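The exercises below are meant to be worked with the sequence and the model side by side. Please try each task before reading its solution.

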Amino acid sequence: MTGFSSRVEQVSISGIREVFEAASEDAINLGLGQPDFPTPDHARQAAVDAIEAGKTDAYTSNKGTLELREAIAEKHKRDNDLDVDPENVIATAGGSEALHIAIEAHVDAGEEVIIPDPGFVSYEALTHLAGGQPRPVALRDDLTLDPAAVEDAITDDTAAFVVNSPANPTGAVQSPADMEAFARIADEYDVLCITDEVYEYQIFEGEHRSPMEFADSDNVVLVNACSKAYSMTGWRLGWVTGSSERVERMLRVHQYAQACASAPAQYAAEAALSGPQDQVDEMREAFRERRDVLLDGLEAMGLECPTPQGAFYAMPEVPEGWVDECIDRGVVVVPGDAFGSAGEGYARISYATDIETIEDALEIMAEATAAVQ
Ligand code: PLP
């Protein structure tokens, strides 16, 4: 047998998958990272119409259709007050591919990427796959990323740092002051800030600001996706934007790895971004209600959990053995160390499910808590 690359040998299948595989089929699954809503009708219909009109028989432009990139630019104007040139947008196969091409295009072998710990699993893996070295930075007590900690972690080898707000797995939202500080760091240290904003629409308290709004240099690359915003994880449609030079380099990776994002998904995404936004508000309100139910339940069983201000995850500190006890009793949650070593002693609970299920799960979690204490 031929050998494997040392880069691929450094990554393993995500710990989240392992948890799912260990759970019984009828378990309550609070491990999932996707909204439990349907994709909005107008987005689904746009894909059907495009298919029926034969608009999906060909590759689109590598960057994606101009109409989709215009809708993305309009979204950034509307929500972020950012002037994005549609030429500086690449539609990707989800936020995942956007992160991949951003890291691949900017990180050289041996260079470091500063990542939040705990943080979304892809940052570490994609850094390894690019031949780089992840440099995890522990979070503050409120589970936000401290700009000062990022600054301290910068060395001559730092290529980039990743900011993710609202965050997976913590639900933490960075303040506008933090986002501005991240932009200043990117400017002053001449390192790239990769800002992952896929949970932008799921904010309950605070406001979403992007480091891109504050940066004076072109050292910010912004990743977003329709996946969480419009309950479109299955469509695989995200995007990345940055300066024309950065986009040109990322396009080199995208062109050879992907050619273009799926055409039906591009038509659906264009409709989702430019059509009615009511479902976004409905989802946010539903998540807020569920979050409150979950937090009350966790508090009642004596578990400490910083109030997640966004996304649809809570990350309480849990006693040893708690995650296994929950899984054995039929509630799937993800151990915090699946997201980095600083996540040890925590668990990620996704509340992207209905309140009745959350209440059932809370009863079981309370039994699990009593069993391990
Ligand atoms: N970024 C974060 C923080 C995520 O949690 C996820 C998915 O869970 C992604 C990016 C990737 O999203 P997508 O499904 O669009 O590839």
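Helices (H or I, at least four residues) and strands (E, at least two) are DSSP runs, numbered from the N terminus. This is a predicted model, in which local features need pLDDT of at least 70 and side-chain atom pairs count only at pLDDT 80 or more, while totals for chains, interfaces and linings use all residues. Residues are numbered from 1 along each chain as its sequence is written, and side-chain values use heavy atoms, with hydrogens and water left out.

**Exercise 1.** Find where A311 lies, and describe its phi and its burial.

Solution. Begin with the loop between helix 13 (278–300) and strand 9 (313–314), where A311 is found. Next, read its phi, which is positive at about 55 degrees although A311 is not a glycine. Finally, A311 counts as buried because its relative accessibility is 0%; buried means under 20% relative accessible area, exposed over 50%, and partly exposed in between (1.4 Å probe, protein chains only).

**Exercise 2.** Locate the cis peptide bond that joins D117 and P118.

Solution. The omega of this bond is about 0 degrees, and P118 has its place in the loop between strand 3 (112–117) and helix 6 (121–129).

**Exercise 3.** Which way do the residues of strand 2 point, and how does strand 2 pair with strand 8?

Solution. From strand 2 (residues 89–92), V89 and A91 point one way and I90 and T92 the other way, and all are buried. Strand 2 then pairs with strand 8 (residues 238–241) in the antiparallel sense over four bridges, where pairing requires that DSSP finds at least two bridges between two strands. Within strand 8, G238 is the bridge partner of T92.
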